[in-house]
Amino acid sequence: MESVRSDPAATAGESALTVKILVAGGFGVGKSTLVSAVSEIRPLRTEEALTERSIGVDDTSAVAGKTTTTVAMDFGRITLPNGLVLFVFGTPGQDRFWFMWDELAKGALGAVVLVDTRRLADCFASVDYFERRGVPFIIGVNQFPGSGMHTADQVRDALDLTPDIPVINCDVRERESAKQVLITLVEHIMRTMSTGRGALTY
């Protein structure tokens, strides 16, 4: 894999192999929580309080306790046991912030699409974005109260995904669970590149 040296976040040691990845998904699905859970540095967060202007725009019915929203990005860093350094960028979930995605996606080798099975439609735009650009991605099914348990095949069928795209259940509040999501993504990126299907479009 190539090193993401051109990214201003690449401040780890010059000998480290660094990879930029994205965490995407709908509003309130747990992107900021995942970045915070795995980051070995204090994560950069660009959150603002939800205000009256969000009424009728941001659907908080499934995440009633949510009081803030990411308006630009989240950033964290984690070093995997093999020495690989991941720069993890969380994308904003609302469609009014999607204009930032192209900039955030530059140089990214892969992505995690987090989903809440109670509102699967919220992740369709993320899935479509990465499919159209040929960016390897996996699905992380974040567990919420009342979401029920679904098999990987059920989620894959509901999202109309090919069998080679990994689907993993997770609780992004737990560091080890969130870390396993990132490890699964790295393994998927490596498999994809080995078959020549992971050509970058940026």
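This is a predicted model: local features need pLDDT of at least 70, side-chain atom pairs count only at pLDDT 80 or more; totals for chains, interfaces and linings use all residues.

Biologist: How buried is cysteine 170, as relative accessible area?

Modeller: Cysteine 123 is buried at 2%. Cysteine 170 is buried too, and its relative accessible area is 3%.

Biologist: And how many disulfides does a search of the whole structure find?

Modeller: A disulfide here is a pair of cysteine sulfur atoms within 2.5 Å. Searching the whole structure for such pairs, the number of disulfides is zero.

Biologist: In what order do the elements run from the N terminus?

Modeller: Helices (H or I, at least four residues) and strands (E, at least two) are DSSP runs, numbered from the N terminus. The protein has five helices and seven strands. Their order is β-α-β-β-β-α-β-α-β-α-β-α.

Biologist: How are α1 and α5 oriented to each other?

Modeller: Axes are lines fitted to C-alpha atoms, for helices over the stretch in contact, and angles run from 0 to 180 degrees between N-to-C directions. Helix α1 (residues 31-38) and helix α5 (residues 175-194) pack at about 100°, their axes 9 Å apart. Under 35 degrees counts as roughly parallel, over 145 as roughly antiparallel, 65 to 115 as roughly perpendicular and the rest as oblique. So α1 and α5 are roughly perpendicular.

Biologist: Which residues of the largest nonpolar core touch the most other members?

Modeller: A nonpolar core is a set of buried Ala, Val, Leu, Ile, Met, Phe, Trp, Tyr and Cys residues joined through side-chain atoms within 4.5 Å. The largest one has 28 residues. Those touching the most other members are Leu22, Val113, Val115, Phe130, Phe137, Ile139 and Leu159.

Biologist: How far is isoleucine 189 from glycine 110 in space, C-alpha to C-alpha?

Modeller: Isoleucine 189 lies in helix α5, and at 0% relative accessibility it counts as buried. Isoleucine 189 and glycine 110 are 79 residues apart in sequence, but their C-alpha to C-alpha distance is 6.5 Å.

Note on methods:
Residues are numbered from 1 along each chain as its sequence is written. Side-chain values use heavy atoms; hydrogens and water are left out. Buried means under 20% relative accessible area, exposed over 50%, partly exposed in between (1.4 Å probe, protein chains only).
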